[in-house]
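These are my notebook entries on one structure.

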Amino acid sequence: MGELAGHERRGTLMFPTRSALIGMMGAALGICRDGDFSILDALKIDVAIFDYGSPMRDFHTVQTVPTVASRSPNSRPEALIEAEGKLNTMITLRDYRGGVFYGVAVQGENLDEIAQALNKPFFTLYFGRKCCPLSAPPGAKVVMAGSSEDAIAQVTAPAWRTPAFARTLVEEGGRGEFVNDVPVDRQRWHFSSREVGLRNVNIAVGV
């Protein structure tokens, strides 16, 4: 659930980014990174937080490009080419959250196709990194509901996570917090920001 990628550390949000959820649905549908995501980009996505999980940290040794070697690159591959082998090495930090549980309400078109794909995905679904597969199937289904809360209340939680209660809803179109998770250029990993609202709710499943 990383958002802005810092130089030495990439933190994690307390809820999944829009780009992560679209990427997961795209993987289920079999859309490659250079494919057409227009159907998914048009969806409205709200997220209920049942369990924030526990923080985790990973350490990476990476090569970095000195500023003098590449001053204004559009992407890391471009910077590596411009550097012509003039690289430094450093340790970076990656933060994650393990054991999370979210309810996701998706509104838009082609929901039947998306739900079927999530329950029988084309590519393996994982959360953040390939070493972090989902601990349970998504359990996607199409429901009739008057609101995101009503839809999420119909979530079928894994047996070992019931009963479960969500106290926070992350709403698209709400106000209060800016996140940088709207894909602009998937080849260059460029994203724009959007504003979301965090609202108190009381959603119970498996009770």
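This is a predicted model: local features need pLDDT of at least 70, side-chain atom pairs count only at pLDDT 80 or more; totals for chains, interfaces and linings use all residues.

**Sheet.** Strand β4 covers residues 88-98, runs antiparallel to β3 and is joined to β3 by eleven bridges. Within this pair I found T64 opposite N88 of β4. I then traced the whole sheet, which is open, has three strands in the order β1-β4-β3 and shows mixed pairing. The edges are held by β1 (9-10) and β3 (54-64); each has a single partner strand, so one side of each lacks a neighbour in the sheet.

**Residue S19.** I next looked up S19 and placed this residue in helix α1, which spans residues 18-29. I noted a polar contact of 3.3 Å between the side chains of S19 and T17. Setting aside neighbours within four places in sequence, I found S19 in contact with D181, P183 and F191.

**Domains.** I consulted the domain assignment of the protein chain, which lists domain 1 as 4-53 + 99-205 and domain 2 as 56-93. Taken over C-alpha atoms, the centres of domain 1 and domain 2 are 30 Å apart.

**Interface.** How many residues of each domain are in contact with the other? I recorded seven from domain 1 and ten from domain 2. The area buried between domain 1 and domain 2 is about 680 Å², with 49% given by carbon and sulfur atoms. I found one residue pair in polar contact across this interface, and zero salt bridges between domain 1 and domain 2. By class, the side of domain 1 that touches domain 2 comprises five charged, two polar and no nonpolar residues.

Conventions
Residues are numbered from 1 along each chain as its sequence is written. Side-chain values use heavy atoms; hydrogens and water are left out. Two strands pair if DSSP finds at least two bridges between them. Helices (H or I, at least four residues) and strands (E, at least two) are DSSP runs, numbered from the N terminus. A polar contact is a pair of N or O atoms within 3.5 Å; within protein, one must be able to donate a hydrogen and the other to accept it, and residues adjacent in sequence count only if both atoms are side-chain atoms. Contact means heavy atoms within 4.5 Å. Domain bounds come from an automatic or database domain assignment. Buried area is the accessible area (1.4 Å probe) that two parts lose on being put together, summed over both. A salt bridge is a side-chain nitrogen of Lys or Arg within 4 Å of a carboxyl oxygen of Asp or Glu. Ala, Val, Leu, Ile, Met, Phe, Trp, Tyr, Cys and Pro count as nonpolar, Asp, Glu, Lys and Arg as charged, and the others, Gly among them, as polar.
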